[in-house]
Amino acid sequence: MTQRQDPIRVMVVDDHPMWRDAVARDLAESGFEVVATAGDGEQAVRRAGAAAPDVLVLDLNLPARPGVQVCKELVARNPALRVLVLSASGEHADVLEAVKSGATGYLLKSASTEELLDAVRRTAAGDPVFTPGLAGLVLGEYRRLACEPAPAPGAGGPGAPRLTGRETEVLRLVAKGLSYKQIAERLVISHRTVQNHVQNTLGKLQLHNRVELVRYVIERGLDDE
């Protein structure tokens, strides 16, 4: 399998200097390119634009501007940005708020360095990464949000784009909460092929994220098949 040649660009945002520096150092020593750090929400929003990270490692409890607001603003500005929340809080309300603001993953600060490095790699690849025990909670929130009435461009109407059988199959598994790696193993295809199917599906349906994908699946009854 071809490995990504360019290093993953990461920005670390945390208001504790020692913690922020330690995370940045661990990432840099493991081959990631740490393009910026920030100690508060205002700094994060200002610096992220110029730094153009692939992954934002973000604490929620920030001065000047809350982490969820930083996440919401930066993801709205750049939908391709992946956000991995690294927080001391395992409170369900914090996790769900992070998910709703656009976070791709949520890891507790009690995680080991190896778990953090793996989480950043998987986040960059587009996989949802959550501390064990939180994945089920998050999937439930995806499904709840998906059931709320909201406009989903391209999700209906006689002119709705047609998906291939494989795209529909991948879409159904994404909605069930499987990671790209798990989908690849189940369908005996490559991780990159799964990513391509998801991106093609998002483009065809004019959707932007997993919540909208899950909503599409539920509205079409694909989750019951």
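Author: Helix 2 (residues 41-51) and helix 3 (residues 67-77) have axes that come within 10 Å and cross at roughly 15 degrees. This is a predicted model, in which local features need pLDDT of at least 70, side-chain atom pairs count only at pLDDT 80 or more, and totals for chains, interfaces and linings use all residues. Residues are numbered from 1 along each chain as its sequence is written, and side-chain values use heavy atoms, with hydrogens and water left out.

Reader: Why are helix 2 and helix 3 called roughly parallel?

Author: Angles run from 0 to 180 degrees between N-to-C directions, and the axes are lines fitted to C-alpha atoms, for helices over the stretch in contact. Angles under 35 degrees count as roughly parallel, over 145 as roughly antiparallel, 65 to 115 as roughly perpendicular and the rest as oblique. The crossing is at roughly 15 degrees, so helix 2 and helix 3 are roughly parallel.

Reader: Which residues make the contact of helix 2 with helix 3?

Author: Gly41, Ala44, Val45, Ala48 and Gly49 in helix 2 meet Val70, Glu73, Leu74 and Arg77 in helix 3, where contact means heavy atoms within 4.5 Å. By class there are five nonpolar, two polar and two charged residues; Gly counts as polar.

Reader: What makes helix 3 roughly parallel to helix 4?

Author: Helix 3 and helix 4 (residues 92-101) pack at about 20 degrees, with axes 8 Å apart. That angle makes helix 3 roughly parallel to helix 4. Val68, Cys71 and Lys72 in helix 3 meet Glu97, Ala98 and Ser101 in helix 4.

Reader: Why are helix 1 and helix 5 described as roughly perpendicular?

Author: Helix 1 (residues 17-29) and helix 5 (residues 113-124) pack at an angle of about 70 degrees, their axes being 11 Å apart. Helix 1 and helix 5 are therefore roughly perpendicular to each other. In helix 1, Val23, Asp26 and Leu27 meet Thr113, Leu116, Leu117 and Val120 of helix 5.

Reader: How many cavities of 30 Å³ or more does the search find, and what makes a space a cavity?

Author: The search of the whole structure finds one. On a 1 Å grid over the protein atoms alone, a cavity is a set of points where a 1.4 Å probe fits but cannot get out. The largest cavity has a volume of about 40 Å³, a volume being the space filled by probe spheres set on the points.

Reader: Which residues line the largest cavity?

Author: Val12, Val13, Asp14, Trp19, Val23, Val57, Leu58, Asp59, Leu86 and Lys109 do, lining residues being those with an atom within 4 Å of a point. The lining has seven nonpolar, no polar and three charged residues.

Methods
Helix = DSSP H or I, 4+ residues; strand = E, 2+ residues; numbered from the N terminus. 1 Å grid on protein atoms, 1.4 Å probe; cavity = no way out; pocket = protein on both sides within 12 Å on 5 of 7 lines; lining within 4 Å.
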